[in-house]
Amino acid sequence: MMDAFRIWFRLATWDGNYRNDNGTLITVLNNGARPKYRYLVETENNNFVEGVITTGYVFGTIFGALIVSYMGDKMGRRKTIIFSSIIFSVGAFVQACSFHSAIFLSVGRFILGLSIGGFTVICPVYISELIPAKSRGEISYIYYMFMIGGIVFSAILNAIILYLMNIDNTKELNVTRNNASESINNLEWRLAFFIQAFLGSIYSAVVYVIPKSPRWLCFKERNVEAIHTLANIYNANINDAELQEEFDTLKNDAIVNRAVGHQNYSELLIPSIRQRTFNIIFMNCIQQWTGIAFFLCFHTQIFRNMDGSEIERVFVFPILTFFIAAFLTSFVCFSLIDRYGRKSLLLVGTLIMLVISFYNIFAFPFQPQEKLPSNSTPLYSKIKNCKVKSGTSFHHDNDLGIDLFNDECHEFVYFCPQSADRISWDKDISKSTYKDITKKFDEFCKIANDASSRSVSKDISKISIHFFICIYISTWLPVPFIYKAEIFPLRIRMKGSAVGTITNRINYLIIMAIYPYLYRSWGSKIVFLFTFACVIGSIFTIISCTECKGVSLEKMEEKMSGKVVES
């Protein structure tokens with residue numbers, strides 16, 4: 001997160017000091033040397049403010065899904081998409097203009113969440129109602145791939161803005177900061193939000209020219225408009241026999257849906273529908289509990305002991321691994337979704353993630369990185385009430401005259417910023433005159449890491465996590481997105497899609513609340529939870545998922561009821 005953003009919204013303060021790649025305070029700058037990163041200190045209410053900002057967005061997506069589930073049936077699919085894109089621009093603009101208050105930012109995040117929640121409901125429904133059955137999965141997947149491409153573009157754009165705004169910070173060297181909470185140049189994060197607002201406006205204009213859903217038009221008894229829309233989509237004459245047959249199918253299905261039920265959420269619980277509702281709810285629960293939220297949200301902390309600069313760790317690594325690699329993997333799955341089906345992709349994805357999670361039960365080497373105690377200095381921390389334990393030191397340093405232990409059980413403890421290692425010793429070195437003491441402790445951390453790590457298993461574990469993310473983003477992220485818009489009848493398709501989004505966001509909220517606690521308490525044992533979720537997901541996919549490949553939406557009712565349907 002950008003430094004100016006964190007200072008402006010009181011997530012952190014900056015007293016003018018800088019740090020190196022490892023997070024260690026730079027006390028003396030060599031002549032001509034340029035500091036790389038500001039040394040920010042998190043505020044006491046940092047977690048609360050971040051929680052307010054995050055929950056504002058999540059609650060926005062939940063309410064957005066609810067609102068759009070009614071708007072999509074009342075106003076139509078296209079108008080609802082246009083409305084959601086306008087709300088997106090408004091939310092981004094509000095964030096860009098945020099006052100010196102996290103509450104104001106949370107309002108902007110909530111508005112943005114309204115649009116995102118709406119998009120995740122209306123877009124898969126619109127695509128499924130517009131595209132023929134034989135290519136419905138591929139077209140829906142293309143839309144999803146554009147979403148991933150947008151994330152890649154956003155991450156790259158943010159990295160460029162951050163780099164350009166911080167490439168020359170020598171002007172700050174001689175500036176005395178009497179107030180550590182004083183803001184710095186806020187253009188970087190405001191510019192990022194303004195670009196979001198601009199792109200949302202462009203999207204609104206583009207969406208305005210797309211056709212309306214012919215199925216929704218038939219449901220609203222606008223049959224003349226529906227058949228002309230079909231003719232434009234298929235580039236055919238309205239008197240064409242195949243087109244007339246397709247139109248009659250859509251019209252008859254709309255008549256049946258108007259006659260047999262209502263457009264209410266209660267319809268999702270009637271005997272013929274509730275199994276599908278359960279499938280969507282359970283699928284979106286499993287989607288979040290496989291561990292993906294943990295790996296994505298804690299990746300900087302998990303991979304802190306990887307070599308490389310902070311730019312590589314915070315920007316280059318997630319862009320290349322999480323998004324570009326996953327985007328390329330998605331190309332493979334794109335060609336398979338209508339060939340082998342949704343169920344096959346889910347099952348293969350779950351089994352691969354299960355194998356990776358099972359391996360990491362034994363190999364996952366990362367422990368949570370705790371914050372320094374409040375009475376600590378950047379160099380070392382004196383731990384009060386720490387019981388001194390005897391043991392074998394891993395290194396003796398002649399310059400400082402101390403024996404170092406790879407634990408946190410002696411009187412003084414150094415928290416290695418680039419790994420999960422702790423170094424402890426018993427002699428007070430606060431008055432040491434050794435010149436390169438900061439560099440010395442960086443060397444100690446490398447020695448401690450080499451002494452305690454299983455380098456081969458760590459490397460394999462890192463690679464496996466990269467692969468896990470790619471598989472998840474290629475299978476379990478897009479398929480439920482597509483599936484929820486295919487299995488419900490026309491009259492409650494929007495409601496079923498909304499239930500999927502709401503379930504997903506509620507589970508995300510729960511996970512974000514408990515994962516930090518579980519990670520601190522369980523450490524690497526948290527992978528047991530992910531493994532169990534993958535096992536349940538595999539069983540669920542085999543037993544409960546119905547294949548939608550090549551089946552028209554009008555025939556899905558027979559398919560879901562167990563009747564034989566020709567694709």
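How are helix 3 and helix 6 oriented to each other, roughly parallel or roughly antiparallel? In this predicted model, helix 3, which spans residues 77-96, and helix 6, which spans residues 187-207, pack at an angle of about 165 degrees. Angles over 145 degrees count as roughly antiparallel, and the two helices are therefore roughly antiparallel to each other. A separate topic below is Ser-464, a residue of helix 16.

**Packing of helix 3 and helix 6**

- The axes of helix 3 and helix 6 lie 8 Å apart, and the crossing of these two helices is left-handed.
- On the side of helix 3, the residues that make the contact include Arg-78, Ile-81, Ile-82, Ser-85, Phe-88 and Phe-93, while helix 6 contributes residues among which are Trp-189, Arg-190, Phe-193, Phe-194, Gly-200 and Tyr-203.

**Surroundings of Ser-464**

- Ser-464 lies in helix 16, which covers residues 455-474, and Ser-464 is buried, with a relative accessible area of 11%.
- Leaving aside residues up to four places away in sequence, Ser-464 touches Ile-356, Tyr-359 and Asn-360.
- Ile-356 and Ser-464 are separated by 108 residues in sequence, yet their C-alpha atoms are 6.1 Å apart in space.
- With Asn-360, the link is a polar contact at 3.1 Å, made between the side chain of Ser-464 and the side chain of Asn-360.

Technical notes. Residues are numbered from 1 along each chain as its sequence is written. This is a predicted model: local features need pLDDT of at least 70, side-chain atom pairs count only at pLDDT 80 or more; totals for chains, interfaces and linings use all residues. Side-chain values use heavy atoms; hydrogens and water are left out. Axes are lines fitted to C-alpha atoms, for helices over the stretch in contact, and angles run from 0 to 180 degrees between N-to-C directions. Helices (H or I, at least four residues) and strands (E, at least two) are DSSP runs, numbered from the N terminus. Angles under 35 degrees count as roughly parallel, over 145 as roughly antiparallel, 65 to 115 as roughly perpendicular and the rest as oblique. A crossing is left-handed if the near helix is turned anticlockwise from the far one by less than a right angle, and right-handed if clockwise. Contact means heavy atoms within 4.5 Å. Buried means under 20% relative accessible area, exposed over 50%, partly exposed in between (1.4 Å probe, protein chains only). A polar contact is a pair of N or O atoms within 3.5 Å; within protein, one must be able to donate a hydrogen and the other to accept it, and residues adjacent in sequence count only if both atoms are side-chain atoms.
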